[in-house]
Amino acid sequence: MSETGLRERKKRRMYQVLSDTAVRLFLEKGFDAVSVAEVAAAAEVSKPTLFRYFPAKEDLVLHRIADHEDEAARVAGQDPAPLAALRRHFLAGLDRHDPVTGLNDHPEVLAFHTLLYGTPALAARLHGFQERSEAALAEVLGGDLDARLAAAQIIAVQRVLALDNWRRIAAGEPLARVHPDAVTAAERAFGGLARGLPRLA
């Protein structure tokens, strides 16, 4: 393996170690109760080293979903009917219980989502993540005002659907009961998008 490849693997591993350590501490004690210095100490790195990887404390948590930031743009860009592709992708995510759809009852996933949605600083940071996802999708859809309006609607629909799924499961409803409702809701929501955005359907 080349030296560059090895460095990249070590870098990715460090990102993962720091994020996993931080999330574990945040789940144990609460986001606001854990300092960056405490995370660095637990991961056996210096505070400046941690900040080289994660400029903000919130990024330690958002790292877990960072690879989804350009997902909608990537899916839409691979199909001449981008909205149909996004619909299929979301429904497939529901079927495999992808955490990003909110339809997952694994205790660790539920705890992570509770941390994410229940911490104001993280919820605010998540909004920025969704804005970047929206901007990337808008670019793929053409980049003009119509594309930006369409992207805003699509990202909002996915966000609301996922949040509704998570809330129901977090409230104790069995996944098997929520799943068919989630599929019906997604079909209805994407159907509404298709009627409003026929050029993308």
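Is Glu108 buried or exposed? Glu108 counts as exposed, because its relative accessibility is 58% and the exposed class begins over 50%. Its place is in helix α7, which covers residues 107-118. Leu27 sits 81 residues away from Glu108 along the chain, yet the two C-alpha atoms are separated by 9.4 Å. These values come from a predicted model.

**Overall build**

The chain has 10 helices and 0 strands. Its pattern along the sequence is α-α-α-α-α-α-α-α-α-α. The C-alpha trace spans about 55 × 45 × 35 Å along its principal axes. Of the 201 residues, 42% count as buried. Take the contacts with a separation of 6 or more: residues 24 or more positions apart account for 67% of them.

Two packed helices are described by the angle between their axes and the distance between the axes.

| Pair | Angle between axes | Axis distance | Handedness of crossing |
|---|---|---|---|
| α8 and α9 | about 135° | 8 Å | right-handed |
| α7 and α9 | roughly 120° | within 11 Å | left-handed |
| α9 and α10 | about 165° | 10 Å | right-handed |

Start with α8 and α9. Helix α8 runs over residues 120-140 and helix α9 over residues 145-170. Their axes pack at about 135°, so the two helices are oblique to each other. The crossing is right-handed. On the α8 side, the contact is made by Gln130, Ser133, Glu134, Leu137 and Ala138. On the α9 side, Ala147, Arg148, Ala151, Ala152, Ile154, Ile155 and Arg159 take part. By class, the residues of this contact divide into 7 nonpolar, 2 polar and 3 charged.

Next, α7 and α9. Their axes cross at roughly 120°. That makes α7 oblique to α9. This crossing is left-handed. Leu110, His113, Thr114 and Tyr117 of α7 meet Leu163, Trp166, Ile169 and Ala170 of α9. The contact of α7 with α9 has 6 nonpolar and 2 polar residues, and no charged ones.

Then α9 and α10. Helix α10 covers residues 175-196. How are α9 and α10 oriented, and why? They are roughly antiparallel, because their angle of about 165° falls in the class over 145 degrees. α9 passes α10 in a right-handed crossing. From α9 come Gln153, Ile154, Val157, Gln158, Leu161, Asn165, Arg168 and Ile169. They meet Leu175, Arg177, Val178, Asp181, Ala182, Ala185, Ala186, Ala189, Phe190 and Leu193 of α10. This contact has 12 nonpolar, 3 polar and 3 charged residues.

Ile154 is in the contact with α8 and in the contact with α10. Ile169 meets α7 and also α10.

**Aromatic pairs**

A pair of aromatic rings is described by the distance of the centres and the angle of the planes. How many aromatic pairs are there? The count comes to 5. One of them joins Tyr15 and Tyr53, with 5.0 Å centre to centre and 85° between the planes. The pair is edge-to-face, because the class takes planes over 60 degrees apart. Tyr15 lies in helix α1 (residues 3-29) and Tyr53 in helix α3 (residues 47-53), so the pair ties together parts that are 38 residues apart in sequence. Ring pairs also bring in Phe54, linking Tyr15, Tyr53 and Phe54 into a cluster. Tyr15 counts as partly exposed at 22% relative accessibility.

Helix α3 also holds Phe51. Phe51 is partly exposed, with a relative accessible area of 33%. Phe51 and Glu131 are 80 residues apart in sequence, and their C-alpha atoms are 23 Å apart in space.

**Positive phi in two loops**

Which loop holds Glu44? Glu44 is found between α2 (36-42) and α3. Its phi is positive, about 60°, although Glu44 is not a glycine. At 74% relative accessibility, Glu44 counts as exposed.

His97 has a positive phi too, of about 55°, and is not a glycine either. Its place is in the loop between α6 (82-95) and α7. His97 counts as partly exposed, at 26% relative accessibility.

How values were computed: Residues are numbered from 1 along each chain as its sequence is written. This is a predicted model: local features need pLDDT of at least 70, side-chain atom pairs count only at pLDDT 80 or more; totals for chains, interfaces and linings use all residues. Side-chain values use heavy atoms; hydrogens and water are left out. Helices (H or I, at least four residues) and strands (E, at least two) are DSSP runs, numbered from the N terminus. Buried means under 20% relative accessible area, exposed over 50%, partly exposed in between (1.4 Å probe, protein chains only). Axes are lines fitted to C-alpha atoms, for helices over the stretch in contact, and angles run from 0 to 180 degrees between N-to-C directions. Angles under 35 degrees count as roughly parallel, over 145 as roughly antiparallel, 65 to 115 as roughly perpendicular and the rest as oblique. A crossing is left-handed if the near helix is turned anticlockwise from the far one by less than a right angle, and right-handed if clockwise. Contact means heavy atoms within 4.5 Å. Ala, Val, Leu, Ile, Met, Phe, Trp, Tyr, Cys and Pro count as nonpolar, Asp, Glu, Lys and Arg as charged, and the others, Gly among them, as polar. Rings of Phe, Tyr and Trp (its six-membered ring) pair if their centres lie within 6.5 Å; planes under 30 degrees apart count as stacked, over 60 as edge-to-face and the rest as tilted.
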